[in-house]
Amino acid sequence: MDIESLQSDLLGAIDAASDAASLEAIRVRALGKSGEVTGLLKTLGAMLPEQRQAEGPRIHGLREAVTSAIAERKAALEGAALEARLASETLDLSLPVSAGPSGSIHPVSQVMDELAEIFADLGFTVATGPEIEDDWHNFTALNIPETHPARAMHDTFYFDRTDAPADDQSASRGAQKMLLRTHTSPVQIRTMKETPPPLRIIAPGRVYRSDSDATHTPMFHQVEGLVIDKGITLGHLKWTLETFVKAFFERDDIVLRLRPSYFPFTEPSMEVDVGYTLDKGRRVVGGAQPDGWMEILGSGMVHRNVLRACGIDPEEWQGFAFGCGIDRLAMLKYGMDDLRAFFDGDLRWLRHYGFAALDVPTLSGGVGA
Ligand code: PHE
């Protein structure tokens, strides 16, 4: 075959190639190791100089024409493939979101958001602390020395390691035990040591105790409250708790009962019960004439020893603190009766009790969302 007809043959085939595979077959046929154009190029070596001078440019011209035709066709095929993909993979952004995947907000997260909203309105900020805590912050600084019987009240998970990075107070005491915090009260200590008073914080988070039955899980949630200022009294504590519980349960006929109690880090200490009324045998929080009482939190005036441990002068500053189980609050407000189901990760439970992501609690909209 002469060069001209080979060229028009190849160019025609390239033009007709409808996909990358058939184009590649043509490339191999023409330019591959034993391809037709390659074969012609090989003949150049055996030619006489004059003949080579005449044939060389023709054969190289053929090779270039075929090479660039293949490149062009390849680009055209790729462009067409991209166009086709773009046409078939369009996203209709006007489709309703309900058609897409959906999740829900866990009741514990929802209640934490509600608490933050309620307390933000009273001028509290949200503080946090580590869940892996040292002995000093979890116990000693809270007026619970090593030999204190109150340590036995908390079924503490200790770590084997004792060579934790010692903080300034503990440096002199040497290595300290590390543990999973048994309450959110160590956040009181961290906050008082970091920020000079006056202070108003809540600290929601996970806490851990070696305890497990229908009403206790080894991990549960608490919210701590702490106010440090001048001239703070029990009256401020009582008003704050009443305002919080009324806002949380969204009713005004809430009655609180303050019972004398004992916590090493508060003096005096009180446990707080909320009155409930019976509605078809179910306990409903609220009602001016309660049928019974449920304990919801522990509280008291911050102990002088705790203030001193944080470098705060108890002659100048006073305060109150409270600690409240969040899971129980959620159960009471939203009517779940088994705490363990909270942490099973059962999608049916989450769909039933979970909240929509856009149900952001606001005081104006009702914190119950
Ligand atoms: N930390 C206590 C507990 O977990 C609760 C509490 C907090 C009591 C603050 C008084 C003041 O039981």
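Helix axes here are lines fitted to C-alpha atoms over the stretch in contact, and angles run from 0 to 180 degrees between N-to-C directions. This is a predicted model, where local features need pLDDT of at least 70 and side-chain atom pairs count only at pLDDT 80 or more, while totals for chains, interfaces and linings use all residues. Residues are numbered from 1 along each chain as its sequence is written, and side-chain values use heavy atoms, with hydrogens and water left out.

**View 1. Helix α1 packs with helix α4.** Helices (H or I, at least four residues) and strands (E, at least two) are DSSP runs, numbered from the N terminus. The axes of α1 (residues 3–16) and α4 lie 10 Å apart, at an angle of about 5 degrees. The two helices are therefore roughly parallel; angles under 35 degrees count as roughly parallel, over 145 as roughly antiparallel, 65 to 115 as roughly perpendicular and the rest as oblique. Look for the contact (heavy atoms within 4.5 Å), where α1 contributes residues including I3, L6, L10 and I14, and α4 residues including I59, L62, V66 and I70.

View 2. The axes of α3 (residues 36–43) and α4 (residues 49–88) come within 10 Å and cross at roughly 155 degrees. That makes α3 roughly antiparallel to α4. The crossing of α3 past α4 is left-handed, meaning that the near helix is turned anticlockwise from the far one by less than a right angle; clockwise would be right-handed. On the α3 side you will find V37, L40, L41 and T43, which meet I59, H60, L62 and R63 of α4. Helix α2 (residues 20–31) has an axis that comes within 3 Å of the α3 axis, crossing at roughly 15 degrees. This makes α2 roughly parallel to α3. Here R29, A30 and L31 of α2 meet E36, V37 and T38 of α3.

**View 3. Helix α5 and its covering elements.** With 14 residues (107–120), α5 reaches 20 Å from its first C-alpha to its last, close to the expected 20 Å at 1.5 Å a residue; the expected span is 1.5 Å times one less than the number of residues. Among the buried residues of α5 are V111, E114, L115 and I118. Buried means under 20% relative accessible area, exposed over 50%, and partly exposed in between (1.4 Å probe, protein chains only). The cover over the buried residues of α5 includes strands β4, β5 and β10, and helices α10, α12 and α13.

**View 4. F248 in helix α10.** This phenylalanine, F248, lies in α10 and is buried, with a relative accessible area of 0%. Leaving aside residues up to four places away in sequence, F248 touches V111, E114, L115, I118, L329, K333 and V367.

**View 5. Backbone details to look out for.** Most residues other than glycine have a negative phi, and most peptide bonds are trans. The bond from P197 to P198 is cis, with omega near 5 degrees, and P198 sits in the loop between α9 and β4. Another cis bond runs from E267 to P268, with omega near 0 degrees; P268 lies in strand β7. N143 has a positive phi of about 65 degrees and is buried at 19% relative accessibility. K280, in the loop between β7 and β8, has a positive phi near 50 degrees and is exposed at 82% relative accessibility.
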